Amino acid sequence: GLFVTDYFTRTPRKLSPFRSFASIELFHFHIPEDTVIAVWNLITFKEQGGTFGDQCPDRSITVYFRSGAPSVINPLHTHFPRDTAVPGSFALTLTWTLPNRTTGVFNVTSPLPGDWFLAAHLPKDEGKISVKGLYEECQYLFQPQLIVQRLVNIAVLYPGYVTEQSMAPHKSSCLYKVFVPSYTSRVLVEVLRCRGAEGCPLWLRVRAKAPPLHNSTALDCREHTPCQLALDLPFWQHWYYVLVEKHPGVPGAVSFQVTVQLTDCSRPSLARPPFLPSSASMNMPHSFGSVGGLALGDSPSPASPSNGTKHTVPIPTASPTGERCWPIRPTLRNELDTFSVHFYIFFGPNVSVPPDRPAVFVINLLPVLDSGGVLNLELRLNVSSLRGENVTVFGCLNHEVPLTSGDNVSVTCETELLAGFLLSVNATASLSRLRIPYPQTGSWYLSLRSLCATEHGFEPCTNVTAEVYLRSYLSPCINDCGIYGQCKLLRTNNYLYAACECKAGWNGWGCTDNAEAFSYGFQLLSTLLLCLSNVMFVPPVAIAVRSHYLLEAAVYIFTMFFSTFYHACDQPGIVVFCIMEYDVLQFCDFLGSLMSVWVTVIAMARLQPVVLYLLGAMLLSMALQMDRHGLWNLLGPSLFALGIMAVAWTARTIRRRHCYPPTWKRWAFYLCPGALIAAAAVLLYAFVETEENYFYIHSIWHLLIAGSVGFLLPPRAKPSRRLGPLPRRKGCGYQLCVNEQEELGLVDPAVASINSICTS
């Protein structure tokens, strides 16, 4: 056939260490139909400071692949919530082949068409809290690329018609496809009139949705006469691919006929009619290719070429045993919000399950839109409806086809080619739940059957109609992640999905794994430490008030207040108390901390203009609004204040011709200890603080910063040496003059003695 190659790529993204599914990078691809091979080129490279990160350490990168929905991953081996079904996925670990770049290739032969999702992450780190901008971090960028090769104009088989084919000696296989509509209980593929050099040296392989593989359902036509391959309970509304493959080493040409028969379960005694129906009656797509075949709606011609002739054949009557399907009740879709969808049953939610037949319901999940949430199913048995009988109601949830086996005593929801989920309720366990994170989209069928337990197992009940309360809905997360988690709505390009982000040491898909959880006492202790450590600002406030630094004292009180309540609101557990919105408390805490540094440095410079305080408040507010965690946005105003202090001290030193501050005691007992305490606090904050030791390292940070302010705040300022002219006394020709001691600031002007009289 003719191959067409398509190429898809995605923008490189920075990978993060795994903490929860919210920390992974998700990539969405779409594989077209009739794809025979898909090749993912996985490119990973390092960056540091805008250049190649040759010095960055090698960290393994794990990539997950899944068709239909994102992968449900568990790299930390945590526990899933109860009643949660975990769908499988394929994982691949990339290793580095070059100092700053590595490339991995992942091939998928005959991939399923539709949506494919790739999830990538780095290993979990030690949880170090780094200051943004302090140093150039190593970044690991991941870019997946997809190359697909697909066949065009695959020959289409029509149910009830025979296609003749002659396989040339140089050919090894022929590929066909047939569309299976709804309410089809059986697909029968048969090879007729096979003639070759060694009998019928053919393999017959059939697979749903994609071309067959080596492990697909197969039949050796040499050993089976007639060569018939039957598939029970096929997927509805999908293409089935038929591969007729020649045995290796067989010389010469092989001629054969291939036909497909579909059994309609709504009419178990009849197969699909032996004529070409319209696209509407077959629920078939309106456009599809064919090689050597007929366009949809054309009449078969008996004069077609020998390698593509189609004509009717007699269709045997299908056996009614096990092939009857029951009416399927639809559900009403009610969208409340993103990933918040309720599926209501007409004349529900109470459902009657008769003893002689199952009750079947369908839940339709929209492509792309619904695969990023959690499908929830709940069954609750009305025990009073059992009339004392030992009745068990079994529910089978299957994807794309209902499981309505003819065996009434079967309690399994799986077949050789079909997997499903089993639920059961009875008088002792009247409630059953099922949660499927990231479900595959399409139609999900729920089949309910009532069986009575006896000494010999389960048997069909007689004259007992069980009543079941059925609830099905789509939610963003499992139980909204509980009290120790937060359900986050995430986006990758145009695809939305939800995931839990846990806190307080809780882990798991629904934040229900308490293996490393913080106890209530630990949470209370950490909250009290972070809040009460701000009481250390009381001594600086007292010193500021005593030294008449009222503005500085007000700033320290502001910082102490908002730092206390910000940390009371910022706790990860349940010991949380918020007096305002979190964002407001965080802004005020950061602003108060930086304003405390600013006013302290300005006070040390002995500068009194109010304009400097206003300038600092405006600069710091602007910096915090730009980036509250950026290093230079926070460090810049502080360095500017230190520069102002250095200029003021230098000017005084030059004017007085001796070092300022003038006394060694001020340097030895106040300035040097205060500077060392502040430097120790900054080092702890920047290099030692981690997520595990945050509560006590940050409390020590509070103590050290407040203590350094008490040391660095200067003593009370002396009065100004320049006094204005004293008022002249009426009736006297003299004025008072300020003596020399008063000019030097050594005495109080209020008690200064007048030792000189100046002539007016």
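Analyst: Let's begin with contacts, keeping in mind that this is a predicted model. Taking contacts between residues at least 6 apart in sequence, 76% join residues at least 24 apart.

User: And how many helices and strands are there in the chain?
Analyst: The chain has ten helices and 36 strands.

User: What percentage of the residues count as buried?
Analyst: Of the chain's 760 residues, 47% count as buried. As for the surface, the chain exposes about 38,100 Å², and carbon and sulfur atoms supply 58% of that area.

User: OK, cores next. Which residues have the most contacts inside the largest nonpolar core?
Analyst: Those are Tyr556, Trp598 and Val599, in a core of 42 residues.

User: Which helix gives the largest share of it?
Analyst: That's α5, with twelve residues. Helices that each supply at least two residues of this core include α4 (550-569), α5 (582-604) and α7 (631-656).

User: What does Val599 touch, leaving aside its neighbours within four places in sequence?
Analyst: Val599 is in contact with Glu552, Val555, Tyr556 and Tyr613. Tyr556 is also one of the residues with the most contacts inside that core.

User: What's in the second core?
Analyst: That one is separate and has 40 residues, among them Phe256, Val362, Val401 and Tyr445. As a general point, nonpolar side chains tend to be buried together in soluble globular proteins.

User: Switching to strands. Why is β12 described as largely enclosed by the rest of the structure?
Analyst: Because five of the seven residues of β12 (residues 161-167) are buried.

User: Which strand pairs with β12 over six bridges?
Analyst: Strand β19 (residues 254-264) does, in the antiparallel sense. Within that pairing, Thr163 has Val258 of β19 as its bridge partner.

User: What about the open sheet of four strands, what order do they come in?
Analyst: The order is β3-β9-β6-β7, with antiparallel pairing. At the edges are β3 (25-31) and β7 (90-94), each pairing on one side only. From one strand to the next, the twist averages 20°.

User: How many bridges join β3 and β9?
Analyst: Seven, and β3 and β9 (residues 114-121) run in the antiparallel sense. If you want a spot to look at, find Phe27: its bridge partner in β9 is Leu118.

User: Where do side chains point in a regular strand?
Analyst: They alternate between the two faces of the sheet.

Key
Residues are numbered from 1 along each chain as its sequence is written. This is a predicted model: local features need pLDDT of at least 70, side-chain atom pairs count only at pLDDT 80 or more; totals for chains, interfaces and linings use all residues. Side-chain values use heavy atoms; hydrogens and water are left out. Buried means under 20% relative accessible area, exposed over 50%, partly exposed in between (1.4 Å probe, protein chains only). Two strands pair if DSSP finds at least two bridges between them. Axes are lines fitted to C-alpha atoms, for helices over the stretch in contact, and angles run from 0 to 180 degrees between N-to-C directions. A nonpolar core is a set of buried Ala, Val, Leu, Ile, Met, Phe, Trp, Tyr and Cys residues joined through side-chain atoms within 4.5 Å. Contact means heavy atoms within 4.5 Å. Accessible areas come from the Shrake-Rupley method with a 1.4 Å probe; for residues, only the protein chains shown count as cover.
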